[in-house]
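Hello! Here is the structure I promised to pass on to you. Have a look at it first, and then read my notes below.

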Amino acid sequence: MRRIVFIVNPVSGTTHRKIWVEKAIKELGTDYETDVIQTQYRGHGHLIAKELAGECTDTIVAVGGDGTVNEIGGAVIGSNTKLAIFPMGSGNGLARELGMSTKRAEKAIETIRRDNASCVDYGMAGDRPFFCTCGTGFDAEIARLFTGNTTRGFWQYLKLCIRTFFKFKTTDIEFEIDGERFERSVFLFNAANIKQYGFGAQIAPMASVQDGLLDVTIVPKINILTALKLTVGMFTRRLHKMRPIETFKCSELTLKLPEGAPFHIDGDYIEPSSSTMTIKVIKGGIKVLV
């Protein structure tokens with residue numbers, strides 16, 4: 001009998017969507033051994049999953065957004081336990097990338113029941129794993145500000161972006177790819193394992209979760225008109241073709257950040273432990289139900 005453990009972030013999702021989870025788990029019936037554990041603080045999901053991974057647990061389901069998936073997925077890496085996603089967050093970037101419904105709970109349960117596992121890539125930013133994107137600049141600053149925001153969702157995110165845009169200053173960075181060094185003053189520097197941030201906004205339309213490569217997107221200083229054009233480009237999957245965007249593909253890069261520069265991993269703000277960071281991709285490094 002498959003043992004399936006649902007690790008639930010109670011902060012993610014609306015009350016209506018949380019009721020989905022309860023109903024969906026019941027729909028699995030008695031053919032599975034199921035447990036439901038709620039996280040109590042940031043990082044708790046990782047500790048729970050670390051204890052369960054490989055210990056007769058077939059599948060661990062991350063119930064939450066990309067931050068929850070990051071916590072739990074990082075603990076599953078290197079084990080025989082499979083990761084599944086019950087998307088409950090705001091953006092749900094990885095779930096969307098893997099073709100999972102973010103609106104119909106029964107579809108997520110069907111994915112779990114079907115048990116179709118695929119080995120997908122994940123990234124490492126220093127000693128921290130990521131599954132979607134990481135980077136510095138405007139998106140990292142938004143992640144920092146969004147951390148303390150109790151109201152979630154696309155429109156709150158958009159309002160925060162608009163307010164922050166006019167105050168944000170570019171970040172001076174250095175990076176190295178394949179022995180070649182670059183210096184840039186950036187509005188945004190993003191290394192992507194998947195196409196999108198979430199919400200359907202694609203920062204790296206040519207990225208693939210199974211190609212063993214990162215897609216780097218660099219946006220220099222821009223005005224509000226260019227920002228609006230680039231925003232449209234993200235939702236129409238044309239960003240990589242637009243000026244003044246600069247893109248690279250690589251399996252590894254070294255990034256040097258100035259002191260105090262914001263940095264995010266899968267949409268969550270972190271404080272880098274060092275000003276110099278190696279960012280790389282691990283090909284096919286985790287089993288995910290798709």
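Let me start with a cysteine: Cys-250 is buried, as its relative accessible area is 3% (buried means under 20% relative accessible area, exposed over 50% and partly exposed in between, with a 1.4 Å probe and protein chains only). The closest cysteine sulfur to that of Cys-250 belongs to Cys-134 and lies 10 Å away, which is too far for a bond. A disulfide is a pair of cysteine sulfur atoms within 2.5 Å, and a search of the whole structure finds zero of them. Cys-161 is likewise in no disulfide, with the nearest cysteine sulfur, that of Cys-132, 17 Å away. Cys-161 counts as buried because its relative accessibility is 18%.

A word on how to read all this: the model is predicted, so local features need pLDDT of at least 70 and side-chain atom pairs count only at pLDDT 80 or more, while totals for chains, interfaces and linings use all residues. Residues are numbered from 1 along each chain as its sequence is written, and side-chain values use heavy atoms, leaving out hydrogens and water.

Next, a helix. Helices (H or I, at least four residues) and strands (E, at least two) are DSSP runs, numbered from the N terminus. After H3 comes Gly-78, with a positive phi near 85°.

Finally, find Gly-260 in the loop between strand S14 (252–256) and strand S15 (263–265). Gly-260 counts as exposed because its relative accessibility is 74%. From Gly-260 to Ile-142 there are 118 residues in sequence and 15 Å in space, C-alpha to C-alpha.

Enjoy exploring!
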